[in-house]
Amino acid sequence: MVFNRYVEVGRVVYITYGPDAGKLAVIVDIVDHSRVLVDGPNTGVKRQSISFKRANLTDLKVDIPRTIGTPALKKAIEKQDLAGRWAKTAWAQKIARREARAELGDFDRFKLMVARKTRRSVVGKAAAKLRKAAAK
């Protein structure tokens with residue numbers, strides 16, 4: 001498998017630690033081998049230097065020049081529909097499922113348990129029928 005998430009200007013990062021955890025930002029400039037300058041005007045991330053330990057590189061990339069200003073970056077992000085492209089990724093969908101599950105109340109969790117039991121029963125009966133038919 002070829003590695004394709006390079007640290008480069010325009011690469012979108014997912015911040016995993018600190019006050020901006022869970023937000024997207026774009027690499028605007030590379031400071032050194034362990035830090036980058038990021039900005040996320042659409043997600044509320046202020047321009048700051050951040051360590052790679054606090055961010056994960058994504059597959060998404062925005063076409064921008066080095067050290068672009070915040071207003072121009074905001075326009076480029078909106079033009080290239082970064083939020084829409086992020087929402088389509090499996091990573092974003094997994095995070096959304098996790099957050100939705102965390103928001104469930106007691107009764108919602110109970111209804112989910114009952115629905116899973118019902119599905120398991122239906123699938124189990126159908127699988128038993130198929131096994132019985134295959135055995136003949």
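Author: What follows goes through the sheet, a helix, a record entry and a pocket. This is a predicted model, where local features need pLDDT of at least 70, side-chain atom pairs count only at pLDDT 80 or more, and totals for chains, interfaces and linings use all residues. Residues are numbered from 1 along each chain as its sequence is written, and side-chain values use heavy atoms, with hydrogens and water left out.

Reader: In what order do the five strands of the open sheet come?

Author: The order is E4-E3-E2-E1-E5, with antiparallel pairing. Strands (E, at least two residues) and helices (H or I, at least four residues) are DSSP runs, numbered from the N terminus. Two strands pair if DSSP finds at least two bridges between them.

Reader: Which strands are at the edges?

Author: Strand E4 (45–51) and strand E5 (55–61), each of which pairs on one side only. From one strand to the next, the twist averages 40°.

Reader: How many bridges join E1 to E5?

Author: Four, and E1 covers residues 11–15. Arg-11 has Lys-61 in E5 as its bridge partner.

Reader: And what does helix H1 touch?

Author: Helix H1 (residues 70–79) packs on the sheet and touches strand E2 (24–32), strand E3 (35–40) and E4. Contact means heavy atoms within 4.5 Å. The direction of H1 makes about 130° with that of E2. Axes here are lines fitted to C-alpha atoms, for helices over the stretch in contact, and angles run from 0 to 180 degrees between N-to-C directions.

Reader: What is the bridge partner of Val-26 in E3?

Author: Asp-39. Val-26 is also the partner in E2 of Val-12.

Reader: New topic. Which residues does UniProt list for the KOW domain?

Author: The unreviewed entry lists residues 6–33 for "domain: KOW". UniProt positions are given in the numbering used here, feature names are shortened, and annotations may be inferred rather than shown by experiment. That span is 0% helix and 50% strand, and its end C-alpha atoms lie 12 Å apart.

Reader: Last one: which elements supply the lining of the largest pocket?

Author: E2, H1 and helix H2 (82–87) each supply at least two residues of that lining.
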